[in-house]
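Good morning, colleagues. I would ask you to look at the sequence and the model on the screen while I speak.

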Amino acid sequence: MSIPIWKLACLCLVLAILPGCWDRIEVNDMALIMAVGIDKAKNEHIELTVQVFIPNPSSGGSDGGSTEGRVYTLSRTGMTLPDALSVMQRELPRTFFWGHAKAYIFGEALARDGMHDQFDFLFRDIEPREQANIYLCRQTAKALLLSLSDPNSYETLIKMGQKRSLESSTVINVAEMIASESDSFTLPIAHASSFMSAGEEKNILIVKGDAIVKKRKVVGYLDTGMSEGLQWFQNMRMERNVGIALDNSQQKITIKLKRSSVRVIPSIKNGKWSALMKLKINADVADNATKLNLIDKHDHLRKIEKPFNEMLSRQIESAVNRLQNQYDADVLGLAKAFHHKYPKEWKQNRQRWNEIFKSLDIKIEVDTIIRNPGISNINVRVNKGERS
Amino acid sequence: MNVPELEYLDNPMLEKLEQEMLSLSIKENADVLGQFFLDCADLVMHDFVVSRSRAATVFYFQGLTDTMQLEMQVIRPLTTREAESGELDSFEGVVISNKKTVESYGDAVRSILTGRSLLLIDGIKGGLSLCLTKFEARSVEEPQSESVVRGPREGFTETLSTNTSLLRRRIRSSTMKIQSFELGRYSKTIIDLIYIEGIARDEIVQQITDRLLAVDIDGILESAMVEEAIEDSTFSPFPQIQATERPDVAVAALLEGRIVILTENTPIALIAPTTLASLMQSPEDYYQRFWIGTTIRWLRYLFFFIALLAPSVYVAILTFHQEMVPTTLLLRVAQSREEIPFPALLEALIMEVIFEALREAGIRLPKQVGSAVSIVGALVIGQAAIQAGLVSAPMVMVVAITGISSFMMPQYPASIALRLLRFPIMILSGMFGIFGLMLSLLLIITHLCTLHSFGIPYLSPFSPLRPTEWKDSLIRAPIKFMKQRPGTYVGKNKMRQSVYAKTRE
């Protein structure tokens, strides 16, 4: 049997045209979800708050003026997260699009109770993006999202997602942490903060502080000192200046961090578990308010490294101590290091990890290398003729 | 040939006469030729008397003959010739270098038709065909469709002899062979097959000769008709024979072992065999420094894909894969698309069709009107369309970029292929997204892989893989390093330069 070629061609054409573009979704039929707030509601329900971007239809044309779109915030409750979403979808004409969601914010009540089901949806469903950030907040997420009054809040969200220091809180990283040995990690906390803009007060989203999450539940919040101490172990957080006062005087010197690396060396000797953490820091001098001339032959750069080493290791030690004793959460990923180096021992002691971590002997070594004294050397503190 | 000449289908008598010998009587001859050229108003029959005793006639077509020469070199010496015995039986006294005698009526008719003049003298057997051809022709001008900043400004013309002379001036070697063919039952167009013996592969020359001989058509108006008659795959959108207006391009092809086909009455020469890579080369690649040549070539490869895919990618991403664009870009596009009443696919199709129409109109219209079209066109697919809210601004950009990139192809036929293929790809990607896009790309690549030009794979040297030839396809290596001719086409003589040649002490 042979079908004439033209009949075959017609068949192909018909087959291609009949289904058409049935599953297409044009951009103008979409409500782009920018931020999602997840809260606990009554009767074990979930309250979902979404902030969607809907482009401004009145713009376009030559003036090119108000081209910014509008951000709408709405919330519904449902049995589960996807259920609440479908309730919302039923009511609205535009299709919700998760592909560009930038932030998932968990309300405090829900975070304390445990976020298992919500994480499951975020990891399992195909639409939520792995690059989006997960934040916690100290109130309900709904209240936080509603309080954002800046028309450009989506801009803030996009920029926030691009911030390197927040990379560890992306969905993909959180998924990795949950799957890892210790099941503890930190999540950043989102706040609304007011700024003045053209005489009006605007609330925009900021990120400040961290919370410790253990077994998908918030167990505590880090204060600033602790947070700074722990930051060293998350390699991304490099936008820091560290100041120190030399010789207990008022003369301060500040260094700007360029690069840091952490090496964790676990060891098991005679059944005693211990870990050595080596922190290596490269930095430049940002501000020198001392009398030291940093570029003369005495090589003061090497000398000022020592106080920094001491200060930093003190800071880290106290943070690690509190982790061990107060929160009992291994957010440093030590469990993983032990697993890698001692797979057999790890297998036997996996169940006991909590106890081991509590009594783990952790040593800290900081090695600061200051490379660049700055581009000019006008010492504003020194009077003429007084140079050392 | 036993096949009846279809020319004389209505008049079997003429067909019979064609075979007959010219008679001694000039009166009879004139009668017979008069029958052949009945109602041919442009034929001139000039009677005169040779040596005051014999009747003679010249036949020629008006406007094809140098009448001045005819009078000075033929008619005057013959009329004033003293009647001496013996001399009367010959054509002596005619001082024209390019002449030949014709015996039959058929030959006589054909020689007149090619533009030569035919001289008959009463009582002398046969006639004398004189090459006094001269007609109005365009002089050698700068090629219009392939201009370069640096390089020769000469282009082929409509006159075949001028064109061969342009080539001969560039290759002063007896190994450059020219085979002549006559194609077209009525047009009797002369086709010259040019190659360099030893460099060109014999089997390719033979193949082209065979295909040319098999052509039976009533007229050849342009080399495109020759191209279509001898090309491998009629239904492919891709040109399998390169066309050029430039003698230097033709010569470069000859030196690569390719074959040039010149056609009478058209300035466009054909180059076969052709690969896709050779369609991406421009003569200027070789006239600029090799860094520039290479960069421009890469740019061209890049824009090859942009010309083919840009609107399709835009449509596919906007209708199916919104997550693939950076958020800020998507928000921008979403804002501009908010008011557009059409789906992205329709929008793209409309704009592309309008663009093609404008381009076509711009080419066809007389120059005076052309500027009006471009002004109106710029409004239609530009600012006005956006302001009217019918088309989004990013779409205009995509269409414009696509248009510009299709102009980047150095070979016009190649860019037409891209312009054409864009539409099915666009429709497929509008229906199936990136999947449809990949599907259509696969189809095109499969097609290109099966395509051959006179036995040479079209995708060579990429498939089949010949990495040594990437020197002149992927990059434009310095000429010093291209010591071998491309092995894709070349015959026995493979080396371009001596391997041991030292460039400098």
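This is a predicted model: local features need pLDDT of at least 70, side-chain atom pairs count only at pLDDT 80 or more; totals for chains, interfaces and linings use all residues.

I begin with a definition: a residue is called buried when its relative accessible area is under 20%, exposed when that area is over 50%, and partly exposed in between, with a 1.4 Å probe and protein chains only. By this criterion, 49% of the 505 residues in chain B are buried.

Residues are numbered from 1 along each chain as its sequence is written, chains are lettered from A and ligands numbered from 1 in the order in which they are written, and side-chain values use heavy atoms, with hydrogens and water left out.

Let me stay with chain B as a whole. Its secondary structure comes to 18 helices and 12 strands; here helices (H or I, at least four residues) and strands (E, at least two) are DSSP runs, numbered from the N terminus. How does the radius of gyration of chain B stand against that of a compact globule of 505 residues? Chain B has 30 Å, while such a globule would have a radius near 23 Å. The radius is taken over C-alpha atoms, and the globule rule is 2.2 Å times the number of residues to the power 0.38. Along the principal axes, the C-alpha atoms of chain B fill a box of roughly 105 × 65 × 40 Å.

As for contacts, meaning heavy atoms within 4.5 Å, consider the pairs in chain B with a separation of 6 or more: 65% of these contacts are between residues 24 or more positions apart. The accessible surface of chain B is about 24800 Å², and carbon and sulfur atoms account for 61% of that surface. These areas come from the Shrake-Rupley method with a 1.4 Å probe, and for residues only the protein chains shown count as cover.

Chain B carries 47 positive and 56 negative charges, whose mean positions are 11 Å apart. Lys and Arg count as positive and Asp and Glu as negative, while His and the chain ends are not counted. Each charge is placed at NZ of Lys, CZ of Arg, CG of Asp or CD of Glu.

This brings me to charge pairs. Side chains of opposite charge can pair when their charged atoms come close. I use salt bridge for a side-chain nitrogen of Lys or Arg within 4 Å of a carboxyl oxygen of Asp or Glu. How many salt bridges does the structure hold over all chains? The total is 38.

In chain B, Arg422(B) and Glu356(B) form one of them, with their closest N and O atoms 2.9 Å apart. This pair links distant parts of the chain, since Arg422(B) is in helix 17 (residues 412–432), Glu356(B) is in helix 13 (residues 344–364), and 66 residues separate them. Both Arg422(B) and Glu356(B) are buried. Through shared partners, salt bridges join Glu352(B), Glu356(B), Arg359(B), Arg419(B) and Arg422(B) into one network. Another bridge is between Arg258(B) and Glu256(B), at 3.4 Å from N to O, and these two residues are also buried.

In chain A, Asp120(A) pairs with Arg124(A), the closest N and O atoms being 3.0 Å apart. The two lie 4 residues apart in helix 4 (residues 116–124) of chain A, so about one helical turn separates them. Asp120(A) is partly exposed, at 35% relative accessible area, whereas Arg124(A) is exposed, at 64%.

Is Val242(A) buried or exposed? With a relative accessibility of 7%, Val242(A) is buried. Leaving aside residues up to four places away in sequence, Val242(A) touches several residues, including Trp232(A), Ile253(A), Leu257(A), Phe308(A) and Met311(A).

Finally, some backbone details. Cis peptide bonds join Ser460(B) to Pro461(B), with omega near 5°, and Ser463(B) to Pro464(B), with omega about 5°. Pro461(B) is in the segment after strand 12 (456–457) of chain B, and Pro464(B) is also found after strand 12.

Lys215(A), although not a glycine, has a positive phi of about 50°. This lysine, Lys215(A), sits in the loop between strand 8 (200–214) and strand 9 (217–221) of chain A, and is partly exposed at 46%. Lys188(B) has a positive phi of about 45° and is not a glycine either. Lys188(B) lies in the loop between strand 6 (176–183) and strand 7 (189–196) of chain B, and is partly exposed at 25% relative accessibility.
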